[in-house]
Amino acid sequence: MSAFFAPFLNKPDSVSQIMFKVLLALIPGIALYVWYFGPAILVSITLASITALATEAAMLKLRDRPIAPFLKDNSALLTAWLLALSIPPLAPWWMVVVGTAFAISVSKHLYGGLGNNPFNPAMIGYAVLIISFPVHMTHWITPHGLGQVELSFIDQLGYIFGGALPPNVTLDAVTMATPLDTLKTHLHLDEHVNQILDMPIYGRLAGQGSEMVAWGFLLGGLYLLASRIISWHIPVAYLGTLLLTSGIFHLADPAHYVTPLFHWFSGAAMIGAFFILTDPVTSPTTQKGKLIFAAMAGLITYLIRAFGGFPDGIAFATLLMNICVPLIDAWTQPPVFGNKETKP
Amino acid sequence: MLSALLVMAAIAIVLGAVLGFAAIKFRVQGNPLVDKIDAVLPQTQCGQCGFPGCKPYATAIAAGEATINKCPPGGEEGIQKLADLLGVDPIPFGGDTQPKPKSVAFIDENTCIGCTLCIQACPVDAIAGAAKQMHTIVAAECTGCELCVAPCPVDCISMLPIEEQITNWKWRYPVYPIQAAA
Amino acid sequence: MRTLHKFHGGVHPPTHKAESTRTPIAQAAIPSKLVISLHQHVGGRAKPIVQVGERVLKGQKIGLSQGRQSSGVHASTSGTVTAIDMQLVAHPSGLPDLCITIVPDGKDEWIEHSGADLKNTPHSELRHKLRKAGVVGLGGAVFPSDLKADAHRHKITTLVLNGAECEPYITCDDMLMRERAADILSGAELLRELLQAEEVLIGIEDNKPEAIAAMKRAIQDGRHERMEAIPVPTMYPSGGAKQLIRILTGIEVAHGVRSTEMGVQCFNVATAYSVWRALAHGEPLISRVVTVTGNVERAQNYEVLIGTPVNELVALAGNKPDTDRYIMGGPMMGVNLPAATVGVIKATNCIIAMSDALFPPAPPALPCIRCTRCADVCPAELQPQELYWFAKAKEFGKAQQYHLFDCIECGACSYVCPSHIPLVQYYTFAKSEIRARAEEKRNADRARERHEFREYRVEREKQEKAEKLAAKEKAAKEQAIKTQLASESALTETGAARPLETVQPEAALPKE
């Protein structure tokens, strides 16, 4: 005997498939990442994946829950990939492990596991790392063709796992700050936007290489939209608000504020808009709520980027807005069938 | 110094007057807490709590003279509701007070001698009958308090658990594989 | 061209309707016994009016309607009543209910019956005839039709005839419309007359082109005025009464509002057919068209006597050996039958034979990930994920606040849930808990009232006794004084004491 409950038909979808499609949608971005920055990112993704699955299994075991169905749901993998993509590829192995383990154990399982976490686990992992190891988090690989020296894959592995660079190569020679970080530093030195953007690390829209990775995530995001895994509300409201606020500042003072497109294509804006903020567990459920949530996140992102102390603002914008989700949901309950005129 | 004292005294008098006025103006008739507690209690009037009925028990709880775990007919849920209402932690039932399945009294009409003792015991007048005549329980009104069982001199009253029928059947809480393990 | 309206959400499950529409409706053979439930309708259970051993004729009334919301029950064929007892019935509880078992004699002998003079019979009389004939809604709700065919003093503009049949697998209305369109329309005319409705709109999902064509032809042939067969887009649950009314008229009937208040009434096409048979031919509702499909050799529609055991019916269609359970109704909302021997009831539109091969067991459910696919498909525009949290946590007040009772239990949310959570079961659980609690509260309030009255009565009796005693003592004293003094004045005092004894009228009692 099975199928006690109607509907008795085969269900067309499953959590594991949805998460798998999201992972799939990350592939173009990752591929471009590898193209421009080398294969080191694959190492941290693999490392994070293994850590995530191991932590997930351990936590499920500790919580006395069935392990197999939850490991198969792909949600831990997604957390791992998102976290690995938001930290520097050359980060030492223990950072990836600590961040991922914290994300899965504390921010996911201590809150009740899949579906019950109020905060985006990947962003919690990121926040923990950037607060605990701020220096490590600023050493990003220099894209191909820009650095004085380029590390071979073996050398990269050596650094990630052993912390050792080849003789006569310094860390500063193979890494750099992110385009957003560089921009901020140079603006503090009273340089003008035009001058700064002439630097070799900037490409057509934003950072050399990283702008292309953003295109990859945009592509994946469009696939998610087309396959109806996410709705348009969050990406549109998020990118729209980012465009609007950065546009206003840019128009008012182009010498000190970069263009909206720069904001769209730098940092984690694209992956944030399509992959991080859209995490269903930690975002509002109503359409109006999604718009408010994403718009506020866009605003906070811009404020942190333009006026804050951190290089990028997606993680903190996401976490801050995660707190507001229950409230937003409660306030934006739509009217039900037949009650449209009488109730708001 | 003196003026300060006077000012303080004046303020005290004014505030006292306002409070006094408010107390009279917004006076609440009766004790609302007792009524609220009474509304939560199942009204079986069974006296299992040690008080002669639900209202006295509610009064005792309101006065802090009784704990909230004395009402078996209310069940665990009743304790939870009282705990929520009073803002205290729920406490489990004590050893001998345990909830029982809801039941109604039934009089074996062949044995009944028509003594009216059960009629006098029934807290909700759910027994019909007169002296020397057979008595019957009005099942719809019976709260299952069992107060009529003890007084019966011929032990003709029994408590029958209410059986589940289509008319009173309730949908079950869905239990599915992963939930059961969770 | 009429503009159709949309309702929110909806799903497109595979329809599987072709299997059972290849052959016309067949007459199911008279079974070896009939198990006729006395609870064929919503409302009060009918009272048996026959004895065990009695011979009954086809169409003879065997259950008398009880209370306002109830309907009659009839013998589906001639035979002998062999039992009136509790039998398993087609109900999600799997609990038994009162049934009358009839062993047919094979003669299929009708009781004397005749149609009403439709022109000259007053409406109230026609409605009474519907009630006596046991005509109830055949779309699944089995609401007594005589009550629905009354506009309750509201002006009805539109009579909606529901031929949408949106659930997968079910084709009984489809086949009925293809084969008996003229009678359905005649029934619709009667309902229009009873409701004094202006227009008749017949909604049929556009995956039934034959039925639409047949109905259109019948409208033309019968010269029916202001009556239209309208193809509606195939989308589950467009056959929900509220959804179909919305599609055809644009009116949204809120929960707790009668559609008649908004000028619309809705009947199933099969109900309209039964109304015609009952009023024009005097035939009570003793048979209906049932789709037999699923794990069978020849899926088909049968005209089935009410009370026919499900296993005998499925055997006609060639039951496959690996069938291990049966569903009554469609795969979206149907109920698992507690036994294969339960009798067909008036609500039975479809029997699906199930096997694990045909309907693989659902994978284990995972926690909700708040993806809101359920909200996207909910035709009542609810937030099913919120209702699920509240029902799961037994926060019933919150669930009600989020419009739990607007849920029509269509199952669209459960169907799309990627976590495979049986959402509807949580809602039915919460609804029945809330109803039970409301009932308990009513009982408690009544018990409190009775207890308070009793306390008052006991107190009053005590007082009366005391007063009587006092009066007696006083009288005795006065008597003594009287005898001593032989005074006349004491008599009047005794008289003055009497009014205190009078019992207060009940109306003045505290009724809190």
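**Strand pairing, domains and interfaces in a predicted model**

In chain C, strand 4 and strand 7 (residues 79–88) run antiparallel and are joined by two bridges. Helices (H or I, at least four residues) and strands (E, at least two) are DSSP runs, numbered from the N terminus, and two strands count as paired if DSSP finds at least two bridges between them. The model is predicted, with local features requiring pLDDT of at least 70 and side-chain atom pairs counting only at pLDDT 80 or more, while totals for chains, interfaces and linings use all residues. Residues are numbered from 1 along each chain as its sequence is written, chains are lettered from A and ligands numbered from 1 in the order in which they are written, and side-chain values use heavy atoms, without hydrogens and water.

Within strand 7 of chain C, G79(C) is the bridge partner of V56(C). Strands of a sheet pair through backbone hydrogen bonds, either parallel or antiparallel. The open sheet in chain C has four strands in the order 2-8-7-4, with antiparallel pairing. Strand 2 (34–37) and strand 4 (55–56) of chain C each have a single partner strand and stand at the edges, so one side of each is left without a neighbour in the sheet.

Chain B is divided into domain 1 (32–86) and domain 2 (101–182), with bounds that come from an automatic or database domain assignment. The centres of the two domains of chain B, taken over C-alpha atoms, are separated by 21 Å. Four residues of domain 1 and five residues of domain 2 are in contact (heavy atoms within 4.5 Å). The area buried between these domains is about 360 Å², of which carbon and sulfur atoms give 59%; buried area is the accessible area (1.4 Å probe) that two parts lose on being put together, summed over both. On the side of domain 1 of chain B, T44(B), Q45(B) and C46(B) lose the most area to domain 2, together 84% of what that side buries. Between the two domains there are zero salt bridges, a salt bridge being a side-chain nitrogen of Lys or Arg within 4 Å of a carboxyl oxygen of Asp or Glu.

The contact between chain B and chain C takes 31 residues from chain B and 35 residues from chain C. About 2900 Å² is buried between these chains, with carbon and sulfur atoms giving 57%. Seven salt bridges are counted between chain B and chain C. In one salt bridge, the side chains of K170(B) and E433(C) meet at 3.2 Å, N to O. Helix 2 (32–40), helix 5 (117–121) and helix 6 (177–181) of chain B each supply at least two residues of the side that touches chain C.

Between chain C and chain A, 50 residues of chain C are in contact with 44 residues of chain A. The area buried between chain C and chain A is about 4000 Å², of which carbon and sulfur atoms give 61%. I369(C), R370(C) and Y415(C) supply 17% of the area that chain C buries against chain A, more than any other three residues. Two salt bridges are found across this interface. R373(C) forms a salt bridge with D13(A), with the closest N and O atoms 2.6 Å apart. Helix 5 (241–249), strand 15 (325–328), helix 9 (384–392) and helix 11 (412–416) of chain C are the elements that give two or more residues to the side touching chain A.
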